[in-house]
Amino acid sequence: MIGNLGTVIVDQSYWQSAIAARPNAAAKGFYLGGICWFSIPFSLATALGLSAVSLLLPITKTEAQAGLVPAAAAVHLLGTGGSAAILIMLFMAIVSSGSSECVAVSSLVAYDIYREYVNPNATGKDILRVTRFTIVFFGMGMGVVVITLHTLGLHMGWLYLFMGIILGPAVGPIWNLMNWKKASGKGAVIASLCGLFLGIMSWVLYAHTQEGGVTIQTLGLNPVMLVGNAISFLSSWFIHWFWSTFIDPQDYDFSTLNKNISLVENDRSGLSDEITTPEELERLLKW
């Protein structure tokens with residue numbers, strides 16, 4: 001739960017989609033996408049997972065941890081067609097998510113780093129050039145990381161739970177920054193880093209003291225992962241609240257947010273005056 005919450009709130013691709021969408025379509029699109037997403041756990045985890053159990057398929061623990069349960073059930077029920085369907089679905093999912101992450105990271109580098117600190121007067125051509133370079137290097141980096149994780153023998157279940165320890169510390173600070181006018185930007189960075197440190201430390205210490213040692217196997221146990229996830233998530237939220245309340249309280253005026261965001265070459269393609277009026281935005285917010 002913590003890991004998936006982190007993948008939504010911390011993932012730049014979601015923010016980018018919301019910002020790029022028209023105001024009258026953003027909320028509806030996310031609601032529709034969320035509803036459609038439920039077909040994934042229902043079809044893979046519930047339907048195929050229970051099918052594999054009821055059919056008593058000879059799936060080993062290693063195979064299950066590698067995420068091969070849906071594939072085994074599909075092949076048993078549908079034969080070659082089932083394996084082809086799983087392969088096509090995985091290919092489409094990986095390409096879709098991989099491309100969205102490439103675009104998201106390249107946008108962060110181009111707009112939040114290059115345009116903000118290197119070239120504030122960057123044109124659309126400049127942004128496009130930086131974006132393309134970033135996509136190439138980030139794509140190569142993802143390949144290196146994947147090969148490394150596979151070499152270390154880390155299975156999908158292990159990575160899925162570990163994700164919460166890495167991403168969880170940023171959830172609270174980001175949520176506070178978007179909804180609380182007293183939230184401190186400096187405190188958000190400090191809280192995220194401290195939460196990450198506390199989460200990893202508690203994760204390793206619990207494995208060492210309660211499970212008899214620090215290995216890939218003990219670090220991947222559910223109780224150990226639960227401790228790391230919970231502490232990384234909750235500690236950063238408390239640290240940011242404490243910092244913003246007693247050390248560096250702010251009084252941010254959210255009405256100035258639009259004034260501080262400038263368009264590249266003032267490109268307003270797809271934005272008409274009718275859908276950006278304060279009255280229309282207020283109506284959409286209530287919806």
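Modeller: The account below takes helix α10 (residues 185-210) as its subject.

This is a predicted model, in which local features need pLDDT of at least 70 and side-chain atom pairs count only at pLDDT 80 or more, while totals for chains, interfaces and linings use all residues. Residues are numbered from 1 along each chain as its sequence is written, and side-chain values use heavy atoms, with hydrogens and water left out.

The chain holds 13 helices and zero strands; helices (H or I, at least four residues) and strands (E, at least two) are DSSP runs, numbered from the N terminus. The C-alpha atoms of the chain fill a box of roughly 60 × 50 × 40 Å along the principal axes.

Helix α10 has 26 residues, and its end C-alpha atoms are 37 Å apart; this agrees with the 38 Å that it should span at 1.5 Å a residue, the expected span being 1.5 Å times one less than the number of residues. After α10 comes Gly212, which has a positive phi, near 85°.

The buried residues of α10 are Gly187, Ala188, Ala191, Ser192, Gly195, Gly199, Ser202, Trp203 and Ala207. Here buried means under 20% relative accessible area, exposed over 50%, and partly exposed in between (1.4 Å probe, protein chains only). An α-helix has 3.6 residues a turn, so residues three or four places apart point the same way. The cover over the buried residues of α10 includes α9 (156-179), α11 (216-219) and α12. Cys194, by comparison, counts as partly exposed because its relative accessibility is 30%.

Ser236 belongs to α12 and is buried, because its relative accessible area is 0%. Ser236 touches Ala191 and Gly195, as well as Gly168, Pro169, Pro173 and Ile231, leaving out residues up to four places away in sequence; a contact means heavy atoms within 4.5 Å. A polar atom of the Ser236 side chain lies 2.8 Å from the backbone oxygen of Pro169, and the side chain also reaches the backbone oxygen of Phe233 at 3.2 Å. Such a polar contact is a pair of N or O atoms within 3.5 Å; within protein, one must be able to donate a hydrogen and the other to accept it, and residues adjacent in sequence count only if both atoms are side-chain atoms.

Ser244 also lies in α12, and it counts as buried because its relative accessibility is 0%.

Leu219 is in contact with Trp203, Val204 and Ala207, among others, leaving aside neighbours within four places in sequence.
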